[in-house]
Amino acid sequence: MRTETPVSVQLSDYKPYPFEIEQVNLRFDLDPDATKVRSELKVRRTGGAGDALVLDGEGLTLRSISIDGQALDASCYEQTDKALIIASVPDAFTLVTEVEIAPSQNTALSGLYMSGGRFCTQCESTGFRRITFYPDRPDVMSAFHVWMAADKATYPILLSNGTPGETGELDDGRHYAVWDDPHKKPSYLFALCAGDYDVYRDSFTTMNGDEIALAIHVDKGDAERAAWAMDSLKRSMTWDEQTYGRAYDLGVFNIVAVRDFNFGAMENKGLNVFNSAYVLADEATATDADFEAIESIVAHEYFHNWTGNRITCRDWFQLCLKEGLTVFRDQNFSADMRSRPVQRIKDVIRLRARQFAEDAGPLAHSVRPDHYGSIDNLYTATVYEKGAELIGMLRRMIGEELYRKGMDLYFERHDGQAVTIEDFYKCFEDVTGEDFTQFRLWYAQAGTPEVTVEENWKPETHEIEITLKQKTPATPGQPVKKPVPIPLEMALLDEEGNLAEWTTILEDEDVTLTMEMPDTVTEPPLVSVNRDFTAPIRLNRSLTREQRLAMVRMETDPFNQWDAVQTLVKAEILALSEGSQAEPDDALVTALAGAVEQAVDDPAFAALLTRLPEVGEMFLERQPADAVALNAARKKLQSALAAKLSGFSAETLGKPTPAPFDPGAEQAGIRALRTAMIVLLGVSPDAGAADTLRGLYDNATNMTERLAALRAYTVQKGGKANEALADFEATWKDNPLVMDKWFALQATTGDAETIKTLAAHPAFDLRNPNRVRSVVAAFTMQNLAAFHAPDGSGYQAVEEIILKADKANPALGARLLTAFEQWRILEPQAKAAAEATLKRLQSAGLSSNAADIVARALG
Ligand code: ARG
Ligand code: ZN
């Protein structure tokens, strides 16, 4: 088998589609092995008279084709493996095609497929062409009318986009339903679901007084576990009305939970399809992290209704237009639902861990790239998370009021259109009168800007001089970078608090600011830079350890206070890992423990303070990166902290956990601190720690603490926790989402042998992305010391699984392979083993999605 590398698609090649599709009428005769799809397109020419009609289509068996009721002769059209081409068509006509597809054979989970015996679809970005022939591109928007029929006993519920119409009975026990979507939409927002579900229902009245029927469709027996998702949905609807003035625009809003799903969820118009992991939750089966993820993903998909659906992308290069903006919106929703500083810190942890790593490696690309090999590989941390940061900077620079004005103008001007980043920024230029040309460089340049800060205190004049310099490193294909405007919230601090606060926009390569202090200031003030992480940059400062410790004490910005701790901790882990220091510095551990104890009234923040940076977050700090040494160093520091906090920990865990259970922020914060103490017990040198953990596991009243205790117990027992793991398995073997946690727990705490054992487990299922990720991605992304083992055993353990997963499901295969993106910066042995693995994979034959990742990684 050979590996085909995809050809590159260029932004500059964009041409409008030469036809308008005025109406789409679809008829589905659903059958798992042979579904018939009849499509009737009302087409009108908008381009040149000579333009052929080219429709995308992949893996479709064409049964018939006609124009205006006339069957087409085979000589009038050409079918390739990717398209249907009709060279000569009238200026206005009706095209009817009938195709047959086999959902039961669809293992790629793109297009129409079966999951748990039910039909479902995933069309973004290019799944619709696997359902019928169509101009499958986001700038072709049309009104969809759907008729669908299926066996009534097996598939009693039939869903599609829009609002439900007529239903009725057919022969042979079949029934049908009609759905009409009045809003024009691109094909990637099409959805169809059919099956037997339990339904959790509710309703919502919009600010316009419209009554919306809400329904969440789940596996039989799971209805009550959709309560939190429903609650999150209603809060999202209210928030979008209050914050952006946007109300929902259809009479029904349906969510369907699907077990086999490649991504988190999908914002199809009026019919969001979700990975069941982001719908189902209750205290016994879900952790607080799950509740939090559900809240934010439900919000994300709901917010897409305006930022994505009503206004969509002209082409896939503009993906950040909907994704970056919608992530920005969901992050702010979560911040309003919970603690804003805690949310900000979590968002930045994620950005640094995933996006900064991506930006620094061979897969680096700009937020709005100008070419891509495979569109599926563009759903990245850069497009999503960095894309969100750019909107955040925009809002900070122009202020909330003008931001809202610009958004209002955007909704008004472009409703019903497929637009570009330039269109979006034009709205902000129009409301502010400013020019965003230089700011838009953020969209074109890959790489994380590095800002160097130098300060110079002049005691005679009481002046402090601050020099800021920016530099963005070279990335693949972009050797030279221009300066970008970097909004930096700044402050000067002394022991009493803030001496000054202001915002600097660093537009040029460097700038020097001089601040004059009152005569009473005799010591150099501390300079607080990029407060609240206003800009997605890396800061470069040569502060002394004393200055950094003072920063922990004196910072008035919660983000920067946390970050000051992180910086010290990172330096300590590095020193320990490089052997320049044998034991953790007691002064640092004491300061850290002190900060935790002081934050006890904000337990969620205190919990974050105990969290040491993950091994992967350390990779960018010093290279070559030695995952094994970093992991050992991290653990050393962690157990020193555990020892220092043992009294505080006993006190924290000695109190009862909050009851009755509530998933909201207040209780979650308390559990976060308890869980943080459980994590520390896992590495505590205390002889009784294992027994304490076993007791916490046995007596836990919620999954958050039960899972944390089991994990820490496993760590404490050095992998000899089989009996407890078996107990967990026996309890939860029938709950796939909980079993995913069981797999992931072992994959993140074990080694290459563990992975082989897990992959041989009867419940390991190559066809279920959640299960594959719970073993492979958990191992490769969260167990770096074992994955990057210098003998290559970690790579060998996943190689075969990734190959097999990729054969069935290229989106999954490609995603798993991104774990190799950092191979070049590893220590020599792991580096060589990783390179050899990538080359073996390449010659073993990969899907074109996976080949795109591997080719760029090796690049
Ligand atoms: N639009 C979906 C979301 O953000 C994700 C779709 C992922 N599709 C893909 N081909 N990667 O919410
Ligand atoms: Zn999205």
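In which helix does Arg404 lie? Arg404 sits in helix α6, which runs over residues 400–414. Before going on, please keep in mind that this is a predicted model.

Now compare Arg404 with Arg174. In sequence, 230 residues separate Arg404 and Arg174, and in space their C-alpha atoms are 50 Å apart.

Next, an annotated span. An unreviewed UniProt entry carries the annotation "domain: Aminopeptidase N-like N-terminal" for residues 26–189. In the model, residues 26–189 are 54% strand and 0% helix.

Last, a pair of helices. Two packed helices are described by the angle between their axes and the distance between the axes. Here the pair is α4, residues 340–360, and α10, residues 558–577. Their axes are 9 Å apart, and the packing angle is about 45 degrees. Because of that angle, α4 is oblique to α10. The crossing of α4 and α10 is right-handed.

Which residues make the contact? From α4 they are Pro341, Arg344 and Ile345. From α10 they are Pro558, Phe559 and Trp562. Sorted by class, the contact of α4 with α10 has five nonpolar residues and one charged residue, with no polar ones.

That is where I will stop.

Notes
Residues are numbered from 1 along each chain as its sequence is written. Chains are lettered from A and ligands numbered from 1 in the order in which they are written. This is a predicted model: local features need pLDDT of at least 70, side-chain atom pairs count only at pLDDT 80 or more; totals for chains, interfaces and linings use all residues. UniProt positions are given in the numbering used here, feature names are shortened, and annotations may be inferred rather than shown by experiment. Helices (H or I, at least four residues) and strands (E, at least two) are DSSP runs, numbered from the N terminus. Axes are lines fitted to C-alpha atoms, for helices over the stretch in contact, and angles run from 0 to 180 degrees between N-to-C directions. Angles under 35 degrees count as roughly parallel, over 145 as roughly antiparallel, 65 to 115 as roughly perpendicular and the rest as oblique. A crossing is left-handed if the near helix is turned anticlockwise from the far one by less than a right angle, and right-handed if clockwise. Two residues are in contact if their C-beta atoms, placed from the backbone, lie within 7 Å. Ala, Val, Leu, Ile, Met, Phe, Trp, Tyr, Cys and Pro count as nonpolar, Asp, Glu, Lys and Arg as charged, and the others, Gly among them, as polar.
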